[in-house]
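Subject: The two-chain model

Hi,

Here is the structure I promised to pass on. Open it next to this email and click along as you read.

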Amino acid sequence: MATRRLTVITENAIINSRHTLILNHQKFLLPVNFINEYPRKDVLKMSYRRFMRLKPFISQRLMVRNTYTEYLRYKYKRENYLEKRMATGIATGDLQSCDLKQVVNSLRFVLKAVTHHELSTTKKPGHHHENDICRRILKNILTMEYEKQRLIHKDPAIYYQLFRKTYEYLQPFKNGDKVNPIFLKLFSIREFDRCLVCLNETLDTRL
Amino acid sequence: MSLKSKRSELLASASNLYVKLRPKKCSQTSISPIDTTPLVTNFAKWSGKRKLLLLTKNSSLYNETKPMGLDCNLFASLLSSPMRCDKIAKLKTPQDMLIKLKVRQSKTAEVDSPQKQIDSFNLLPVVKSDKIGQSSYVTNNLRALENDAKKANNALPTSVRNSTMRSIESSEIKVDITSIIANNKQGLLNLIKKELKKHQVAEREPLLETTNDVVFLVFDDKLDNDIEIGPSKEGGERKTITLNLKNLGHSELGRIMGADFVEGGRRIFLRFSQHQELIIAVYKLLAVSH
C-alpha cells in the first residue's frame, strides 16, 4: 500500500509521515570563531549546552537518550582522555594542544548524525551517505556505552576502575605474556574502544 | 420653512443611520492559501515522529556539516557496521569485529568401515558474507575464545540450539574453537592473497593526499603495536595509518606478500577506497593473532 503523504508545515518545523524536520537551528550551532573569543571555561560550558540540546534528536527511546546524557556527563566531568589515548599505544604523534578544537569537531560530528538533507542539496550521493555513517557510529557508541554502564552497575569495584579510571583493558597484548582473564572477556569492548581512539585520531575529534 | 428644514435634516440622519446599520458586503479580496496553520504552531513537539534538523542550502548548518571523508576511513567503516551479539561473551559488538559462524554439513568416512560415508555437521567461520542460513557471532580472538572454552556450545545459532523441529541434535554438531580460529585465519589469508593478485598495489607513497584513506602495511619487529597512527611526513591534517604484520609469522606472510616484504622492510601502500575488503581482512587477521 502506498504511504500517505501527509505533510504539516508549521513555523518551526515540517512534519511528514516519517520525520519531524526542525527548521531553526541557531541554538544548536556555536558562534563563529568562538574558541578565540571566549575563555576556556565558557567554551566548554557552551559546547556542553549545545550537546545537551541535541538530546531529543538522538533517539525516540528514553533509555538511549539517558545513555547519551550519562555519556556526555562522563566525558565532560571525569574522563582523562590523555590517559586513555596513552593506554592504547596507538597514536605516535603529540596530542594537539587545542583540545577545544576536538570538542568543536565532535559537536560537528553529532550535528551531522542528526541532520536530514533536503534532496535538492545533495549533488553527490556520498554526502547523504556520510550522515548515515555518522548516525550509525553514534548509535553504536551509545550501545557500547550502555553495555559498559551495565557492567559497572553489576560490579563497580572491578569495572568502574577499568572503564573510567585506569583503562588497563586497552593496553596492547604482548606475545607470550599471560593476560588477565577479565581483559580477555572484555575483548569486544577493547577492540571497539581502540578503534574509536583510532577514529578520533584520524578525524581530530574526541568521541 | 423651519419645519421643512427640520424634516430634511431628519431624513438625512435617518438615511445615515440606515447606511450605518445596513449589513456590510463581504470584501471580495482573494484569500491567500494558509501555509502555516495557526492551530498547530507547536505541532513539532507532540507529533511523535523522529526529530531531525533539516539542512537547506541557505542555512548556516550547511557549513558546519562539511564532508569529513568518512566513506574512505577504515575505522569509520568498522565502527559503523551493524551491532551483533557475541554469543560467548554476551556483549554487543559491530559485526566487522566478530567472526561469523554457520553450521555446515560435510561427508566423512565412518571409523569402522571407511567405504561408508556419514553426514557430519560442523560450526565453521564464514569469511565472505553469506546470507543463507542462520548465523551466529563470536569474538575474533583465539586467547579470548580459549578463555571461555567451556561456553563453546553457546556459539551455535539460537535457532539450531532451541528448535525441536529438526532432524539433527545440537549435540551432534561439532564446535571446535581451535579449528574455527584456524579456518578463519586461513580464509582471511586466502582472501588477502586473492585480493592482492586482483589489484595492482602501488609501492610508492602518493604525494599531496588530503584524506585519511591511505593505509601502509609493514613488517617491522621493532615496533610494539599492530596499529599506529602518526602525523604524515608532509605535515598537514592527514594522518598515516600503519598496520604492522609482525605477529602473523614469517612463513605464511612471505608466501603471500613476497619474501622481500618480510625481510627487506618493504612498505605496501593501499588506498581504502580501492582495497576496502583487503584492508578489513588484514585488520581482522591482526585482531585474531593478538
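Below is what I found, starting with the chains and ending with a few single residues.

First, keep in mind that this is a predicted model.

**The two chains**

Chain A has 10 helices and 4 strands. If you walk along its sequence, the elements come in the pattern β-β-β-α-α-α-α-α-α-β-α-α-α-α. Its C-alpha atoms fill a box of roughly 60 × 50 × 35 Å along the principal axes. Of the 207 residues in chain A, 31% are buried. Take the contacts in chain A with a separation of 6 or more: 55% of them are between residues 24 or more positions apart.

Chain B contains 10 helices and 11 strands. It has 290 residues, and 30% of them count as buried. For chain B, 68% of the contacts between residues at least 6 apart in sequence join residues at least 24 apart.

**Where the chains meet**

The contact between the chains involves 64 residues of chain A and 57 residues of chain B. Which element of chain B gives the most to the side that touches chain A? That is strand 1 of chain B, with 6 residues. Other elements of chain B supply at least two residues each, including helix 4 (74–79), helix 5 (142–147) and strand 9 (227–231). By class, this side of chain B splits into 25 nonpolar, 19 polar and 13 charged residues.

**A sheet built from both chains**

An open sheet of 5 strands runs in the order 1(A)-2(A)-3(A)-1(B)-4(A), with mixed pairing. Its edge strands are strand 1 (8–9) and strand 4 (115–117) of chain A, each of which pairs on one side only.

As a reminder, strands in a sheet pair through backbone hydrogen bonds, and they can be parallel or antiparallel. You can find both kinds here. Strand 2 (residues 13–15) and strand 3 (residues 19–22) of chain A run antiparallel and are joined by 3 bridges. Strand 3 of chain A also pairs with strand 1 of chain B, this time in the parallel sense, over 4 bridges.

Within chain A, I22(A) in strand 3 stands opposite A13(A). Across the chain boundary, the bridge partner of I22(A) in strand 1 of chain B is L53(B).

**Two domains in chain B**

The domain assignment divides chain B into domain 1 (81–195) and domain 2 (200–288). Between them, 13 residues of domain 1 are in contact with 12 residues of domain 2. Helix 7 (residues 177–198) of chain B gives the most to the domain 1 side, with 9 residues. That side of domain 1 has 6 nonpolar, 3 polar and 4 charged residues.

**A closer look at helix 7 of chain B**

How far apart should the ends of this helix be? Helix 7 of chain B has 22 residues, so at 1.5 Å a residue it should span 32 Å, and its end C-alpha atoms are 31 Å apart, which agrees.

The buried residues in helix 7 of chain B are I180(B), I181(B), N184(B), K185(B), L188(B) and I192(B). They cover an arc of only 130° around the axis, so they sit on the same side of helix 7 of chain B. On the other side, T178(B), K197(B) and K198(B) are exposed. A handy rule for reading such a list: an α-helix has 3.6 residues a turn, so residues three or four places apart point the same way.

**A strand with two faces**

In a regular strand, side chains alternate between the two faces of the sheet. Strand 11 (residues 268–271) of chain B has I268(B) and L270(B) on its covered face, with F269(B) and R271(B) on the uncovered one. Strand 11 of chain B runs antiparallel to strand 8 (residues 214–218) of chain B, and 4 bridges join them. In this pair, F216(B) has F269(B) as its bridge partner.

**Two residues with positive phi**

N33(A) has a phi near 55°, a positive value in a residue other than glycine. You'll find N33(A) in the loop between strand 3 and helix 1 (34–37) of chain A. N33(A) counts as exposed because it has 8 C-beta neighbours inside 10 Å.

D204(A) is not a glycine either, yet its phi is positive, at about 60°. D204(A) lies in the segment after helix 10 (187–203) of chain A. With 16 C-beta neighbours inside 10 Å, D204(A) counts as partly exposed.

Key: Residues are numbered from 1 along each chain as its sequence is written. Chains are lettered from A and ligands numbered from 1 in the order in which they are written. This is a predicted model: local features need pLDDT of at least 70, side-chain atom pairs count only at pLDDT 80 or more; totals for chains, interfaces and linings use all residues. Domain bounds come from an automatic or database domain assignment. Two residues are in contact if their C-beta atoms, placed from the backbone, lie within 7 Å. Ala, Val, Leu, Ile, Met, Phe, Trp, Tyr, Cys and Pro count as nonpolar, Asp, Glu, Lys and Arg as charged, and the others, Gly among them, as polar. Two strands pair if DSSP finds at least two bridges between them. The expected span of a helix is 1.5 Å times one less than its number of residues. A residue is buried if 20 or more other C-beta atoms lie within 10 Å of its own, exposed if 12 or fewer, and partly exposed in between; C-beta atoms are placed from the backbone. The arc is that of the directions from the helix axis to the C-beta atoms.
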